[in-house]
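Hello,

Here is the structure for you to look over. My notes follow below it.

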Amino acid sequence: MKIIIAGAGIGGMALAALLRQRGVTAEIYERAPNFDHSGYMLGLYPIGARVLHGLGLMDDFLATSERMDIYTVRNGHGQEIHTYELGRMLDSFGYSGGIMRGELLALLRRRCEDVPLHFGTSVTGFEEAGDTVEVKLSDGSTNSCDLLVGADGIHSAIRRQLAGALPDHETGWGCWVWVVRNTRRPPTAVVEHWGAGRFLGLYPVKGGLGVVAAAPTRVMGPSVVGEDGRKVKTHFAALGDGVADVLAALPDDLGSTFWWQLSDVRSESWHRGRVALLGDAACAFLPTAGVGASIALESAAVLNDELSRTDARFLPSALARYEMRRKPRAEAFQDDSRKLASMMMIESVELSWGRDQLMRFYTLDMLAKTIAQSLAKPI
Ligand SMILES: Cc1cc2nc3c(=O)[nH]c(=O)nc-3n(C[C@H](O)[C@H](O)[C@H](O)COP(=O)(O)OP(=O)(O)OC[C@H]3O[C@@H](n4cnc5c(N)ncnc54)[C@H](O)[C@@H]3O)c2cc1C
């Protein structure tokens with residue numbers, strides 16, 4: 001069976017590695033010129049990390065990630081509202097940890113080193129002709145296959161062709177993302193500052209902490225602050241002296257600092273004929289529940305499982321089963337991350353005060369209901 005994967009992100013690379021494990025060599029096209037930019041940090045829950053286990057990558061994952069042990073929520077003045085024992089909830093199900101996206105991609109590449117990966121080439125569309133899919137590439141050429149997997153992320157070109165233009169679910173907020181190295185802060189603690197009109201989260205990675213500083217786009221977006229990091233620092237300095245060291249690590253010139261618009265999208269259909277969607281292309285995630293990469297890994301494992309039980313002739317029905325197994329679970333997680341976003345991203349001082357009072361009584365299970373329940377469920 002000839003398989004083409006659009007996108008060498010978490011889902012695409014995981015699928016390529018899983019296929020390679022059972023002797024199937026896919027071909028991957030990736031828009032980016034290389035993996036050199038490490039990108040942002042990803043927290044993996046056991047639901048995603050155990051796919052790495054299956055690939056024999058667990059030791060490497062442990063060596064390149066940092067454990068997430070404690071989760072503390074602080075209010076807009078830096079005072080602690082609630083501390084949760086995250087490690088205790090996750091530990092009986094498997095490993096979890098924070099890792100830089102680039103490191104995770106490098107790990108996955110180790111398990112499919114000989115798989116053709118064409119950097120700097122986008123998949124622009126496809127045409128279905130009988131049992132063949134003709135894949136169109138940005139260099140003007142085409143390549144044909146039995147199965148095209150659209151793992152091309154939140155703004156997927158494959159999804160656009162498969163399901164039409166879909167409206168993004170917009171939060172109206174976005175975030176600046178950077179990393180603090182050589183910090184004296186506890187290495188395994190997730191800390192979030194929930195202020196009014198500002199949110200700042202700190203997430204463990206090896207040798208440092210990933211920072212997500214979120215605010216309404218009309219207040220902190222690139223079109224407002226330009227490249228002036230000092231404006232961002234001033235806005236988040238209102239969270240108190242407790243974040244001063246973190247803000248000091250943000251460059252005054254935002255040139256290469258990531259800005260993410262906090263939106264997601266959900267596709268009604270995950271496949272058509274011999275074309276399937278994987279990861280954010282099918283169901284994208286706000287980073288609020290920290291679960292998008294885990295879901296992409298899990299979906300890659302299920303897709304690989306379904307593909308292992310069929311040949312090219314019966315692909316459409318295998319893809320239908322893949323969608324049935326994945327869509328409800330992914331959408332439940334997406335609902336969770338949207339709910340969390342509405343709690344974390346509040347502009348009004350009064351409402352955020354009320355939220356803080358409520359948070360004192362919120363258990364971890366209530367906060368991340370689907371994650372807590374899903375850990376025990378089969379996929
Ligand atoms: C700031 C931030 C923090 C996050 N934190 C977490 C977290 O802690 N935990 C977690 O689980 N998730 C987190 N997420 C979400 C997570 O990153 C995504 O859900 C996950 O990466 C989805 O994997 P994917 O393979 O579907 O997409 P991606 O990893 O985005 O990969 C898509 C790939 O496709 C490529 N591409 C795009 N278009 C084309 C094309 N037409 N042709 C070829 N290639 C193309 C892109 O260059 C990219 O490499 C976070 C996201 C952000 C933005």
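Is Asn182 buried or exposed? Asn182 is exposed, because 7 other C-beta atoms lie within 10 Å. For the cut-offs, buried takes 20 or more other C-beta atoms within 10 Å of a residue's own, exposed 12 or fewer, and partly exposed falls in between, with C-beta atoms placed from the backbone. Asn182 is not a glycine, yet its phi is positive, about 50 degrees. Asn182 sits in the loop between strand 12 (169-181) and strand 13 (189-194).

Some ground rules. This is a predicted model: local features need pLDDT of at least 70, side-chain atom pairs count only at pLDDT 80 or more, and totals for chains, interfaces and linings use all residues. Residues are numbered from 1 along each chain as its sequence is written. Strands are DSSP runs (E, at least two residues), numbered from the N terminus. Two strands pair if DSSP finds at least two bridges between them.

Three strands make an open, antiparallel sheet in the order 8-9-10. Strand 8 (123-129) and strand 10 (142-145) are the edges; each has a single partner strand, so one side of each has no neighbour in the sheet. Six bridges link strand 8 to strand 9 (residues 132-137), in the antiparallel sense. Ala129 faces Thr132 in strand 9.

Six strands make another open sheet, with mixed pairing, in the order 7-2-1-11-18-17. Its edges are strand 7 (117-118) and strand 17 (271-272), each with a single partner strand. Strand 17 runs antiparallel to strand 18 (residues 275-277), joined by two bridges. Arg272 has Val275 of strand 18 as its bridge partner.

Best wishes

Terms used
Helices (H or I, at least four residues) and strands (E, at least two) are DSSP runs, numbered from the N terminus.
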